[in-house]
Amino acid sequence: MSFRLHRALAVSWKEALDLRKNPGLLASMLALPAVLVLVPTGVVWAWLRNPDAVTFRSMALYYDPTLPLNADPVRFMIDKLVLDWFGVFLLMPVFVPILISSQSVAGEKERRTLEPLLAAPVSAAELVLGKSLASVVPAVAITWLSFAAFVAAVDAVAWPLVHGPVLPNGMWLFGVGVVAPLFAFLGNGLAVLVSARVGEARLAQQLSALVVLPLMGLVGGQLAGWIRAGAGYYAVQGAVVLVLDILLIQASVRLFDRERLVSRWT
Amino acid sequence: MSRIEVRSLSKHFGPRTAVEGLDFDVGEGEVFGLLGPNGAGKTTTVRMLTGLLRPSSGGATVCGVALDGDGEALRSRVGLLTEQPGLYDRLTARENLRFFLKLHHRDTKQAWEAARRWMHRFGLGGREDDRCGTFSKGMRQKLALIRALLHEPQALFLDEPTSGLDPESARAVREAVGELAAEGRTVVLCSHNMGEVERLCARVAVVKGRLLAVGTVPELRRQTGVVEVHVEGSAGAAGEALGPIVPPCVWVAEAHVLRVTLAAGVSIPDVVALLVQARVRIHAVLPAQRALEDVYLELTRGSETEAT
């Protein structure tokens, strides 16, 4: 069956309409970005209210024993927080597509809309692409908007001490511009894959969301000082996720087999 | 000319046989009834003929496309009304229809006008911008039917099209089916409503895992009729004379009246010949006029008897 972009776009159009009319899902999509922007901003704000040099130097020395004596430990800790927070920030482009795709794929089964859809001349690849676009595009857009809000908030709070912008920096720009979309495809691919196998949107969300556990583990390693994050570290993460994305897309297209879906879920 | 040609069509799900060896043709502009009890394989058959399931063996040609051929071409030439309307509840009626028009690459003003005409005809005029979640069961059914018609398919497969409809709406749907057939479209109708099938269908197939019978309603009546034979002496003794008949026929004796249910392929002369051979004296042979429902029940029950 030949691939037609207009059919994939039609699927995306329908998914976007459906999403716009689902206030519950929209609210859960926006809750995580709000937390991921407000928490580090609040931490920086709290630090700057009482920037005790001795306490901050001992904290900074835990992460970098070679910290020069003339270095500002508060600035060091702000930079460290911002650097490590990117690992937490990546939860957003993973989690938002999981919320959307689980609804759009397993939701078709729950609402019994799958059979008429599969009876239309639309291929598995068109369905997967259409549904993926409808979840990855909002996820990346939310990530970028949240990043803009994060930059504005952190810079506004840190300005009295730093007297200049903390963000954006090269690592964050690379991370948000390149690595975050790859993570969005990862969240989407997992959700599509799991949704194609289970019959309930909620179960699909719960199972797909398990992917955040290794990410949280990595962030924990960073906070414990075992993993030193940086542009290279996130680039390696991005490369690994790119490979996973390709494998997940191939598996998703295979799982969107009409015979399999119709005989199991309608 | 046949628009649907089904040859030895079979479908197995693992060790379970859903349908086995179906053979029938449906012509252009014909309304064809597919009857059978729940689980008889009607939905599986329709799903195979609309490209949703692959046959395990055998095959079919629908609108000139073989089932193992171009699935995209097949699905663009057929329309399917599924048992569940399957509408997107948060979307309006207009958005639901436009989505399928877009998938068929027909999202034009002309196509939307045609959709609006159908909506008015089915009493949905003015509800275009209402969410489908607010629609009653009957309204949803009618909208799903419009969705199946939007791309002007050559063949329409309708699963219980009037289920849940009020009598007025049901009549509107039946009239529409008649008109679609008059335009040359082929309609395959799965229904448990025998009156509807009798009114609408030129021919009927009765399936129960396999094809039990196919033909016009009068042909089915003849094929599966009941005949009353008035005999001299005990009707029970006369019934014993039907032992050698193949396939076996069910008979009931009441005093001098022997009621014989004719199995598929057995005709009244076959019964009379056996009775005469057994020197039964016959006073009268009266074929019973029967409703399609009786014919259907007899065919499906008969297949159970054979199976056991």
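Helices (H or I, at least four residues) and strands (E, at least two) are taken here as DSSP runs, numbered from the N terminus. The structure is a predicted model, in which local features need pLDDT of at least 70, side-chain atom pairs count only at pLDDT 80 or more, and totals for chains, interfaces and linings use all residues. Residues are numbered from 1 along each chain as its sequence is written, while chains are lettered from A and ligands numbered from 1 in the order in which they are written.

In the loop between helix H7 (124–162) and H8 of chain A lies A:Pro168. Confidence is expressed as pLDDT, the predictor's confidence in each residue, from 0 to 100. The average pLDDT of chain A is 91, and 99% of the residues score at least 70. Within chain A, helix H1 (residues 5–20) has the highest confidence, at 96, and helix H12 (residues 258–265) the lowest, at a mean of 81.

Chain B contains an open sheet of six strands with mixed pairing, in the order S6-S7-S8-S3-S9-S10. Strand S6 (78–81) and strand S10 (211–215) of chain B form the edges, each pairing on one side only. Two strands are said to pair if DSSP finds at least two bridges between them. Direction ignored, neighbouring strands of this sheet are turned by 15° against each other on average; axes are lines fitted to C-alpha atoms, for helices over the stretch in contact, and angles run from 0 to 180 degrees between N-to-C directions. Strand S9 (residues 203–207) of chain B runs antiparallel to S10(B) and is joined to S10(B) by four bridges. B:Val204 has B:Gly215 in S10(B) as its bridge partner.

Two helices of chain B pack on this sheet, contact being defined as C-beta atoms, placed from the backbone, within 7 Å. Helix H1 (residues 42–49) of chain B touches strand S3 (31–35), strand S7 (155–159), strand S8 (186–190) and S9 of chain B, and its direction makes about 155° with that of S7(B). Helix H6 (residues 167–182) of chain B touches S3, S7 and S8 of chain B, and its direction makes about 145° with that of S8(B).

In soluble globular proteins, nonpolar side chains tend to be buried together. A nonpolar core is a set of buried Ala, Val, Leu, Ile, Met, Phe, Trp, Tyr and Cys residues joined through C-beta atoms within 7 Å. A residue is buried if 20 or more other C-beta atoms lie within 10 Å of its own, exposed if 12 or fewer, and partly exposed in between, with C-beta atoms placed from the backbone. The largest nonpolar core has 147 residues, of which B:Val187 and B:Leu189 touch the most other members. Helix H8 (residues 170–197) of chain A provides the largest share of this core, 15 residues. Beyond its neighbours within four places in sequence, B:Val187 is in contact with several residues, including B:Val31, B:Phe32, B:Leu156 and B:Val177.

B:Ala255 lies in the loop between strand S12 (250–254) and strand S13 (257–261) of chain B, and is exposed, with 10 other C-beta atoms within 10 Å. B:Arg279 is in the loop between helix H10 (268–277) and strand S14 (282–287) of chain B; B:Arg279 is also exposed, with 8 other C-beta atoms within 10 Å.
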